[in-house]
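Welcome! Please take a moment with the sequence and the 3D view below before reading on.

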Amino acid sequence: MLRSLCVVAALSARSRPPRATSAAQAASGYATSVFIEDTDAFAVAYYATYLKWVERAVADWIGVASISSLFEQRRLHLAVEHLDGVRYASPARLGDDLAVKLSRLSFASGALVLRADISRASDGASLWSCKQLRVRFYSESGACSEWPL
């Protein structure tokens, strides 16, 4: 199974998301599986579940503890702000082991822009991809203009 390729150490001391200095740091892998609650009556994953898997991968890459402490201390939450170029290539099915790969494209104006790909771990078949996925922290008053970590 893929585990995170990017070590996000001491993230709370940084003012920006992890800086890509190598190919391994520019990409992050996250492993998950398709469970019964992710599927319909035909054991096919719901279309919205792909986004849930990507959100979990982003949280894992950034650091779940950092995100949790931001919510507890400042009521900030991380959200997907924009998707562009989403492609459903093949369905994920109940019991499939999946690999979610994130590649950092850019960071500007407090938003992190990523490319996201989901594939079946057993054969590497592409299931879902998104050319640009933008995530940002939000407070009760709206979008944060700066990255809070």
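Predicted model: local features only at pLDDT ≥ 70, side-chain atom pairs only at ≥ 80, totals over all residues.

**Strands around S5**

- Strand S5 covers residues 126-139 and runs antiparallel to S2, with 10 bridges joining the two.
- To find this pairing in the view, look for Tyr88, which stands opposite Trp128 in S5.
- S5 also runs antiparallel to strand S4 (residues 111-120), here through 8 bridges.
- In this pairing, Leu112 has Val135 of S5 as its bridge partner.
- S4 and S5 form a hairpin with 5 residues between them, and Gly124 in the turn has a positive phi of about 75°.
- Strand S6 (residues 142-143) is joined to S5 by 2 bridges, again in an antiparallel arrangement.
- Ser139 stands opposite Gly142 in S6, and the hairpin from S5 to S6 passes through 2 residues.

**The largest pocket**

- The largest pocket holds about 160 Å³ of space.
- Helix H2 (47-62), helix H3 (64-74) and strand S2 (77-88) each give at least two residues to its lining.
- Val135, the partner of Leu112, is one of the lining residues, which also include Glu55, Ser68 and Leu78.
- By type, the lining residues divide into 8 nonpolar, 1 polar and 1 charged.

**Cysteines**

- Cys130 counts as buried because its relative accessible area is 0%, under the 20% cut-off.
- Cys144 has a relative accessible area of 14%, so it is buried too by that cut-off.
- With a limit of 2.5 Å between cysteine sulfur atoms, the model has 0 disulfides.

Definitions and conventions. Residues numbered from 1 in each chain as written. Heavy atoms only, no water. Buried < 20%, exposed > 50% of the residue type's maximum accessible area, 1.4 Å probe, protein only. 1 Å grid on protein atoms, 1.4 Å probe; cavity = no way out; pocket = protein on both sides within 12 Å on 5 of 7 lines; lining within 4 Å. Points joined across faces, edges and corners; volume = space filled by probe spheres on them. Helix = DSSP H or I, 4+ residues; strand = E, 2+ residues; numbered from the N terminus. Nonpolar A, V, L, I, M, F, W, Y, C, P; charged D, E, K, R; others polar. Pairing = 2+ DSSP bridges.
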